[in-house]
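Please consult the sequence and structure shown below before reading this briefing.

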Amino acid sequence: MKTLDVDFVTQWLGRAYFHELSTFGALSEAAVRFLLCGGRLLQLHQGELLYRAGDPAAEFYVVLHGDLSFYKQSEGLDVLTRHFQRGELLGFDGMIGLHARSGTAVAGEGAVVLEIGSGLFFDLHMLFPADFGLMMINLSRELSREIALLENVISQSIGWHPLQDKTSSCD
């Protein structure tokens, strides 16, 4: 894993690129720059570990480029459960819930991520309150999408089918 320079990443991807990402959508230029400069920009090569299940979760990550594979452990085996791609975040639930990492994140291909620690997240709240509110909406929307995805997986795995419209016996 290699730490990248903010100016290099901004020049490589372009300033407008960051506003196209769902995590940063509608944030001001100053708030995005604050996060990029205050966070850590990490480059991972294919197969490189970002974090392991059980690690402390004092930060979350936004995928800027490439993808990350997420594995949960089941019966001693690592099971691929999800791919996180451009603009998606991972690890926010652990950081905000104050619990250890629930799985292992590995670069599926070359990836660049922005690490946002809890201190930086708090500072965003204090210095850019309107942007913080927008970012919380973006993060909540992302978590909502994850919940819907998981609900679909669970319902398919147990063979759940929606109830048929039945006439009530009270009619």
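The points that follow are grouped by topic. The model is predicted, and every value given for the model is computed.

- Four strands make up an open sheet, arranged in the order 3-8-5-6 with antiparallel pairing.
- Strand 3 (49–51) and strand 6 (77–85) are the edge strands, each of which pairs on one side only.
- From one strand to the next, the twist averages 30°.
- Strand 5 (residues 67–74) is joined to strand 8 by four bridges in the antiparallel sense.
- Tyr-71 has Thr-104, in strand 8, as its bridge partner.
- In general, the strands of a sheet pair through backbone hydrogen bonds, in either a parallel or an antiparallel manner.

**Positive phi outside glycine**
- Ala-26 is not a glycine, yet its phi is positive, at about 75°.
- Ala-26 lies in the loop between helix 2 (15–19) and helix 3 (29–38).
- Because its relative accessibility is 62%, above the 50% cut-off, Ala-26 counts as exposed.
- Leu-98, a residue other than glycine, also has a positive phi, near 55°.
- Leu-98 is placed in the loop that runs between helix 4 (92–97) and strand 8 (104–107).
- The relative accessible area of Leu-98 is 78%, and Leu-98 is therefore exposed.

**Nonpolar surface patch**
- Phe-122, Met-126 and Leu-127 together make a nonpolar surface patch of about 350 Å².
- Of these residues, Met-126 is found in helix 5, which spans residues 118–127.

Methods
Residues numbered from 1 in each chain as written. Predicted model: local features only at pLDDT ≥ 70, side-chain atom pairs only at ≥ 80, totals over all residues. Heavy atoms only, no water. Patch = residues over 30% accessible without salt bridge, like charges linked within 9 Å, V, L, I, M, F, W, Y side chains within 5 Å. Areas by Shrake-Rupley, 256 points an atom, 1.4 Å probe, with all protein chains shown as cover. Salt bridge = Lys/Arg side-chain N within 4 Å of Asp/Glu carboxyl O. Helix = DSSP H or I, 4+ residues; strand = E, 2+ residues; numbered from the N terminus. Buried < 20%, exposed > 50% of the residue type's maximum accessible area, 1.4 Å probe, protein only. Pairing = 2+ DSSP bridges. Axes fitted to C-alpha atoms, helices over the stretch in contact; angles between N-to-C directions.
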